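Hi,

Here is the model I promised to pass on.

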Amino acid sequence: MTTAVEVRDLRKEFVTRGGRRLRRRRVPALRGVSFTIAQGECVAILGQNGSGKSTLVRLLSTLLLAEGGTAEIFGHDVFRDPRAVRRLVNRVSVEAAFFKKMSSAENLAYAARFYGMTPRETGPRIPEILERVGFPAERRREPMENLSRGMQQKVALARALLTSPVLLLLDEPTTGLDPRSKLEVQEFIRELRRTHDATILLCTHDLVEAELLADRVGILDRGELLCLESTEALKRRFDASTLEEAFLASTGRVFEDDPEEEDDTS
Amino acid sequence: MRSSAHVVRAELVGLAGVVERNVYLVRRYIWWDLAFFVWTVANALTIVFIAEGVEAAGGQIDLERTITILLIGAVIWAYLGDIFEVLTETVAWERWEGTIEYTFMAPLARSMHLGGMGLFAVAYALVRAVLLFWVVAFFFDVDMPQANYTAALVVLAVASVSFVGIGMMTAVLPLISPEKGTQLGFIAQGILLVVSGVYYPVSVLPEWMQWLATISPATYALEGVRAAILEGDGLAELRDELWPLVVIGVVSVPLGLEVFRRGERHAKRTGKLKRSG
């Protein structure tokens, strides 16, 4: 089976200023993380705020440079050959980031241009793809600022799919959505897995979502990847009846304990 | 393996996308643009009226020539400011909209990304500069029978390459310092304003400032445009202004790209390449 993602001993630190004298200190965000994802697999990384999930996604998105370790996507070094990686990867993050005054169709057409797609190529695809994610086609000319958060997140999914990525990085894609939108987005991710050969890395702090969508679940705690196994294997390993109990057993903390956000400080 | 023709095509599609995106945004924020244009007109009028003020106070000046000199200074200054502003927004605007991470993780070469911003900046600034020139000239009884507008536009076009190169260097500042970067860009712009002879001859400056004027493309742009408008000089007569502009342009664009590349690398190391500052 082809390896889609291979991460070895990945380390990232951020410099932050704290204390009374505002001294600089180095805060580790990822501490020697290693894992692989096979092509077509969906892996969920579970962790609380500050656990390093977003840092991991941003490293794989070529938006950060690591202090140590390696990361390869379909054999391309993320840090040495970022442009080859960028052609293969797209991302949906917790905030659907768009030009607010531009419409969904304009935002999608613009984003696709960066991947070498002309308006002639995207013209027929944009309404199709918006329809697939459950976005009403008649609203595609409305400015993004008029759309609800759930609608914006659907457009974000459409933007990611438009470029046909072979690796999709989903960083808390359903956080903050209403229950209906959340279910719709989750259903779409499942459909995507059924109909496409896409490999998915899903970072979430939603235990149910991780269990529902992923083949394997990893627990990332304070920058350390404690385990990465199927949900059943995780439960067996920690003698737990639920994923929440497995999380508690592996980290020694209840899931709701929210440590101070340490991601991406500088 | 992607053929080089395919890669070049994809890059050009991306470059056109950057230009088109900016056109969309100008259309969506048109009232901002109109308000800003009125402010620029008011600013230019304030400066050009100084000539009338000097004469009214008893000063012995060639009024028409002084008005034209100040008018050209105000227009070129506005042109330069517009180019810098658009290029600085490469990072600042995207951060404000929250799109910066998506743009910077797209597989478009940074040279094409910045080239698209530069291309739009020049077109946008040129339209505004021409409008500004005619609107402000309308307020004064200025006759420019000898003016060689074609030569003036050629000087401006050649100078634009240098302006874009310097703009690329200032564009990286908000990436390195999200809080102070844009303001630091104003310092670079301010230095060019002081040393380039926008409203007075460079010869009145202290010697060390005159040295700075020799490496500022705005100095040659102003001298060239003034000579074309006031004296009707053609391209042959303007070669002393054109060749330094070509040299500065050839140096400043690769230098601007390298400065931006290093700034981007620093931002990736420190985690500053993200939507919130």
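Predicted model: local features only at pLDDT ≥ 70, side-chain atom pairs only at ≥ 80, totals over all residues.

In chain A, 4 strands make an open sheet in the order 2-1-4-5, and the pairing is antiparallel. Strands here are DSSP runs of E with at least two residues, helices are runs of H or I with at least four, and both are numbered from the N terminus. Two strands pair if DSSP finds at least two bridges between them. The edges belong to strand 2 (23–38) and strand 5 (76–77) of chain A, each of which pairs on one side only.

Residues are numbered from 1 along each chain as its sequence is written, chains are lettered from A and ligands numbered from 1 in the order in which they are written, and side-chain values use heavy atoms, with hydrogens and water left out.

Back to that sheet. Strand 1 and strand 2 of chain A pair in the antiparallel sense over 13 bridges, with A:Glu6 opposite A:Thr36 in strand 2. These two strands form a hairpin with 4 residues between them, and A:Gly19 in the turn has a positive phi of about 80°. Strand 1 (residues 3–18) also pairs with strand 4 (residues 68–73) of chain A, again antiparallel, over 5 bridges. There, A:Arg8 stands opposite A:Thr70, and A:Val5 has A:Ile73 as its bridge partner. Helix 1 (residues 53–60) of chain A lies across strands 1, 2 and 4, at about 120° to strand 1. Angles run from 0 to 180 degrees between N-to-C directions, using axes fitted to C-alpha atoms (for helices, over the stretch in contact), and contact means heavy atoms within 4.5 Å.

Chain A has another open sheet, with 6 strands in the order 6-7-8-3-9-10 and mixed pairing. Strand 6 (89–92) and strand 10 (224–229) of chain A stand at its edges with a single partner strand each, so one side of each has no neighbour in the sheet. Neighbouring strands of this sheet are turned by 15° against each other on average, direction ignored. Strand 9 (residues 216–221) and strand 10 of chain A pair in the antiparallel sense over 5 bridges; A:Leu220 is partnered there by A:Leu225. Helix 6 (residues 179–195) of chain A lies across strand 3 (42–46), strand 7 (167–171) and strand 8 (199–204), running at about 160° to strand 8. Helix 9 (residues 243–251) of chain A lies across strands 3, 9 and 10, at about 40° to strand 9.

Now for where the chains meet. The contact takes 36 residues from chain A and 42 residues from chain B. Together they bury about 3700 Å², 57% of it on carbon and sulfur atoms; buried area is the accessible area (1.4 Å probe) that two parts lose on being put together, summed over both. A:Phe99, A:Arg113 and A:Phe114 supply 19% of the area that chain A buries against chain B, more than any other three residues. The interface has 7 salt bridges, counted when a side-chain nitrogen of Lys or Arg is within 4 Å of a carboxyl oxygen of Asp or Glu. One of the salt bridges in the model joins B:Arg28 and A:Glu106 (2.5 Å, N to O).

Cheers
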